[in-house]
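Hi,

Here is the structure I promised to pass on. Have a look at it first, and then read my notes below.

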Amino acid sequence: MGADTDGPRDKVWYFKAAPLFAGAGDAVRERLAAASTMRRVRRGQVVYSVGAPATMVYLLKEGQVRLVRSDEGGSEATVAVLGPLDLFGEQSLAGGDAREERAEAMVESLICDIPRADFLAALEISPPLSVALRNLFGRRIRQLESRVTDLVFKDAETRLCTVLVRLAEEHGTIAPNGTAEIPLRLTARDLGHLAGLTRPTASQI
């Protein structure tokens with residue numbers, strides 16, 4: 001990116017490229033771009049922590065972010081991996097006041113911080129954006145339900161295959177030989193968490 005990375009033209013471009021905002025219209029995209037702040041985060045940097053005020057929604061413009069949940073004993077699990085043009089932190093739009101998970105950059109990333117109030121105002125004037133967001137909520141709820149079902153009814157290898165297929169559908173590109181390339185940097189531990197497996201089991205499979 002050039003020296004004008006933070007310019008409004010750059011921010012509008014990303015909003016136009018993100019599928020969620022495809023039907024929002026130029027006026028709404030430009031309004032959100034003007035209200036947002038674009039910043040780079042380094043690998044391992046926390047975007048928000050558990051318990052932090054949920055005052056922002058985030059558009060991942062470049063890079064990779066994971067959402068992590070932990071229990072009282074300190075054990076952690078990656079519950080979602082996000083790639084370019086994914087929205088995250090959207091629970092704040094449904095009334096959540098505090099974060100229930102940690103968002104952490106897995107590689108150097110470019111993130112757009114969108115104030116919740118501005119996003120809610122955009123939803124008021126853009127029915128297509130409201131529909132797209134509702135569909136996003138529905139898709140993520142179905143994914144969560146599917147993961148619970150997989151844990152109960154599928155064996156370890158099938159669960160891992162299911163995770164890879166989902167990642168390919170969401171982030172992959174089809175190579176000339178017909179295989180799917182997933183442009184995400186994931187460890188065996190990450191894949192294991194997503195499939196409900198231990199790292200050794202995921203590595204072995």
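The protein has seven helices and 10 strands; keep in mind that this is a predicted model. Along the principal axes, the C-alpha atoms fill a box of roughly 50 × 45 × 35 Å. Buried residues account for 40% of the 205. If you take contacts between residues at least 6 apart in sequence, 72% of them join residues at least 24 apart.

Now the charges. There are 26 positive and 27 negative side chains, and the centres of the two sets lie 1 Å apart. The salt bridges come to 11.

One of them pairs arginine 29 with aspartate 26, with 2.6 Å between the closest N and O atoms. These two sit three residues apart in helix H2, so about one helical turn separates them. Arginine 29 is buried at 9% relative accessible area, while aspartate 26 is partly exposed at 40%.

Then have a look at arginine 66. It forms a salt bridge with glutamate 104, the closest N and O atoms being 3.3 Å apart. Arginine 66 is in strand E4 and glutamate 104 in strand E7, so the pair ties together parts 38 residues apart in sequence. Aspartate 190 also forms a salt bridge with arginine 66, at 3.8 Å. That pair links helix H6 to strand E4, 124 residues apart, and both residues are buried. Arg66, Glu104 and Asp190 belong to a salt-bridge network that also includes Glu76 and Arg102.

Cheers

Notes. Residues are numbered from 1 along each chain as its sequence is written. This is a predicted model: local features need pLDDT of at least 70, side-chain atom pairs count only at pLDDT 80 or more; totals for chains, interfaces and linings use all residues. Side-chain values use heavy atoms; hydrogens and water are left out. Helices (H or I, at least four residues) and strands (E, at least two) are DSSP runs, numbered from the N terminus. Buried means under 20% relative accessible area, exposed over 50%, partly exposed in between (1.4 Å probe, protein chains only). Contact means heavy atoms within 4.5 Å. Lys and Arg count as positive and Asp and Glu as negative; His and the chain ends are not counted. The place of a charge is taken as NZ of Lys, CZ of Arg, CG of Asp or CD of Glu. A salt bridge is a side-chain nitrogen of Lys or Arg within 4 Å of a carboxyl oxygen of Asp or Glu.
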